[in-house]
Amino acid sequence: MVMDRFSRTLLAAAAESGLATITLSRHVPSFRRSVPADDEVVMLAHCLRPDGHLSGDHLLLLTRRRLVVTKQSRVLNRVRIDVDAGLAELVDVRWTADPSLPGVELAFTAGDVRHRFWMDARHGKQVWRVDALLARMFHRPSVTVATLAAHARGFV
């Protein structure tokens with residue numbers, strides 16, 4: 001059996017994230033509709049909305065070209081796409097890594113909507129790995145030396 005690039009990299013990302021096979025199998029048909037077979041999965045993570053908005057289980061899939069978030073409803077166990085956007089369509093992508101909780105909060109604007117997700121991590125080392133992946137995919141906003149100095153002096 002020959003697997004396409006998406007399938008191979010999805011399975012590797014699922015194993016790395018520790019995601020249960022049954023959970024992944026529910027979300028894969030939605031991911032397949034949004035992601036081409038030749039795209040490479042960079043990260044797969046279980047996530048929550050920190051504001052409690054739209055409760056349910058979310059999976060965040062980041063590929064080289066797209067960011068897709070699916071949501072499984074708690075009552076009917078139906079999976080639907082919550083966010084589906086090309087990386088070029090995402091604006092003001094920001095994240096905060098917190099190894100003490102451990103987890104990473106990711107925020108971005110897709111279309112006219114601001115989205116925020118909290119990704120749990122099993123340990124601090126995984127937090128830094130997610131942080132590095134996001135930095136590689138989205139490039140951290142640059143900060144000037146003058147801005148850093150102003151923060152240090154308490155002017156900003």
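Me: Leaving aside its neighbours within four places in sequence, which residues is His115 in contact with?
Reply: This is a predicted model, where local features need pLDDT of at least 70 and side-chain atom pairs count only at pLDDT 80 or more, while totals for chains, interfaces and linings use all residues. Residues are numbered from 1 along each chain as its sequence is written, and side-chain values use heavy atoms, with hydrogens and water left out. With neighbours within four places set aside, the contacts of His115 (heavy atoms within 4.5 Å) are Arg49, Val83, Leu106, Ala107, Phe108 and Ala110.

Me: Is His115 buried or exposed?
Reply: His115 belongs to strand 7 (strands are DSSP runs of E, at least two residues; helices are runs of H or I, at least four; both are numbered from the N terminus). Its relative accessible area is 9%, and the cut-offs are under 20% for buried, over 50% for exposed and partly exposed in between, with a 1.4 Å probe and protein chains only. His115 is therefore buried.

Me: Which side chain makes a polar contact with the side chain of His115?
Reply: A polar contact pairs N or O atoms within 3.5 Å; within protein, one must be able to donate a hydrogen and the other to accept it, and residues adjacent in sequence count only if both atoms are side-chain atoms. At 3.3 Å, the partner of His115 is Arg49.

Me: How far apart are the end C-alpha atoms of helix 3?
Reply: Helix 3 runs over residues 124–138, which is 15 residues. The expected span is 1.5 Å times one less than the number of residues, so helix 3 should span 21 Å. The distance between its end C-alpha atoms agrees: 21 Å.

Me: What arc do the buried residues of helix 3 cover around the axis?
Reply: Buried in helix 3 are Gln126, Val127, Val130, Asp131, Leu133, Leu134, Met137 and Phe138. They lie on the same side of helix 3 because their arc (taken from the directions from the helix axis to the C-beta atoms) is only 165°.

Me: Which residues are exposed on the other side of helix 3?
Reply: The buried residues of helix 3 pack against helix 1 and strands 1, 2, 5, 6 and 7. Exposed on the other side are Lys125 and Arg136.

Me: What percentage of the residues of the chain count as buried?
Reply: The chain has four helices and seven strands, in the order α-α-β-β-β-β-β-β-β-α-α. Among its 156 residues, the buried share is 43%.
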